[in-house]
Amino acid sequence: MAYPGYGAYGGPMTGQGMPGQGMPGHGMPGQGMPGQGMPMYGGMMGGPQPGGFPGQGGFPGTFAPPPVNDPMWGYFTAIAGQDGEVDAEELQRCLTQSGFSGSYAPFSLETCRIMIAMLDRDMTGKMGFNEFKELFMALNGWKQNFMMFDQDRSGTVEGHEMAQAISSMGYRLSPQAGNAVVKRYSKNGRIFFDDYVACCVKLRSLTDNFKRRDTMQQGTVNFQYDDFIMCTMAI
């Protein structure tokens with residue numbers, strides 16, 4: 001059953017290829033972060049990759065080896081606290097030092113907070129290794145999608161391009177909902193990369209929360225007030 005926002009993020013964009021290169025000005029190869037060689041992962045357009053890591057926190061309290069020899073493990077252990085998890089400030093530092101944003105402005109602390117909240121299944125305000133890796137899968141797809149529409153490499157997209165980017169990820173929003181999203185994240189009619197990612201995080205999180213409650217896939221759910229506040233205010 002498809003309805004506005006259902007089955008959304010991660011949908012392949014038909015008729016258009018995905019660029020393999022990184023952010024402008026950094027010459028990132030298809031398999032690494034600019035200047036750092038951090039491996040990049042991701043499903044199409046920022047969607048979760050099949051065989052991902054749902055429901056797993058990571059390795060709280062210890063730095064036990066991951067299940068498989070994973071090149072992301074070294075990056076995670078380099079920034080994680082002694083509790084074996086990553087908080088918003090540590091994530092912001094990692095993304096800034098790795099040069100993930102390329103020539104675009106670095107991620108704000110608030111955007112890093114909601115990135116963590118998107119995957120914070122145990123409600124600790126931090127990410128374990130599997131959550132950290134899943135975030136980079138999504139970020140890589142979102143970045144590639146943004147670059148498709150930022151063809152002049154200005155670091156921004158216009159409102160109609162933002163609407164196209166949302167549609168390309170598989171979301172089916174009404175014109176009214178689409179306009180509300182664009183107005184929420186635009187500055188002087190343009191959307192910067194940091195705000196674009198914040199929008200993607202919120203769309204994915206709210207859609208996930210909705211889908212979990214829409215067990216009949218009818219596009220309608222009933223929320224108790226407290227449940228609604230938890231779903232919306234946590235992101």
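**Helix packing and buried residues in the predicted model**

The crossing of helix 3 and helix 7 is left-handed. In this predicted model, the two helices pack with their axes 10 Å apart and at an angle of about 20°, which makes helix 3 roughly parallel to helix 7, given that angles under 35 degrees are counted in that way. On the side of helix 3, the residues that meet helix 7 are Thr 111, Ile 114, Met 115, Met 118 and Leu 119, and their counterparts in helix 7 are Asp 194, Val 197, Ala 198, Val 201, Arg 204 and Ser 205.

Helix 3 also packs against helix 4, here at an angle of about 120° and with the axes 10 Å apart, and the crossing of this pair is right-handed. The contact is made by Met 115, Met 118 and Leu 119 from helix 3, together with Glu 131, Glu 134, Leu 135, Leu 139 and Trp 142 from helix 4. The buried residues of helix 3 are Thr 111, Cys 112, Ile 114, Met 115, Ile 116, Met 118 and Leu 119, and the elements against which these buried residues pack are helix 2, helix 4 and helix 7.

Within helix 3, Cys 112 has a relative accessible area of 0% and is therefore buried. When residues up to four places away in sequence are left aside, Cys 112 touches Ala 88, Leu 91, Gln 92, Leu 95 and Phe 107. The C-alpha atom of Cys 112 is separated by 7.6 Å from that of Glu 89, a residue 23 positions away along the chain.

These helices belong to a protein with eight helices and two strands, whose elements follow the order α-α-α-α-β-α-α-β-α-α from the N terminus on. Of the 235 residues in the protein, 49% are buried. Among the contacts with a separation of 6 or more, 70% are accounted for by residues 24 or more positions apart.

In soluble globular proteins, nonpolar side chains tend to be buried together. The largest nonpolar core of the present model has 50 residues, and those with the most contacts inside this core are Trp 142 and Tyr 196. Two or more residues are given to the core by each of helix 1 (72–79), helix 2 (88–98), helix 3 (109–119), helix 4 (129–149), helix 5, helix 6 and helix 7 (193–213). Helix 4 provides the largest share of the core, amounting to eleven residues.

Asn 209, found in helix 7, counts as buried because its relative accessibility is 12%, and the side chain of Asn 209 makes a polar contact of 2.4 Å with the side chain of Arg 212. Tyr 171 and Thr 207, although 36 residues apart in sequence, have a C-alpha to C-alpha distance of 9.2 Å.

Notes. Residues are numbered from 1 along each chain as its sequence is written. This is a predicted model: local features need pLDDT of at least 70, side-chain atom pairs count only at pLDDT 80 or more; totals for chains, interfaces and linings use all residues. Side-chain values use heavy atoms; hydrogens and water are left out. A nonpolar core is a set of buried Ala, Val, Leu, Ile, Met, Phe, Trp, Tyr and Cys residues joined through side-chain atoms within 4.5 Å. Buried means under 20% relative accessible area, exposed over 50%, partly exposed in between (1.4 Å probe, protein chains only). Helices (H or I, at least four residues) and strands (E, at least two) are DSSP runs, numbered from the N terminus. A polar contact is a pair of N or O atoms within 3.5 Å; within protein, one must be able to donate a hydrogen and the other to accept it, and residues adjacent in sequence count only if both atoms are side-chain atoms. Contact means heavy atoms within 4.5 Å. Axes are lines fitted to C-alpha atoms, for helices over the stretch in contact, and angles run from 0 to 180 degrees between N-to-C directions. Angles under 35 degrees count as roughly parallel, over 145 as roughly antiparallel, 65 to 115 as roughly perpendicular and the rest as oblique. A crossing is left-handed if the near helix is turned anticlockwise from the far one by less than a right angle, and right-handed if clockwise.
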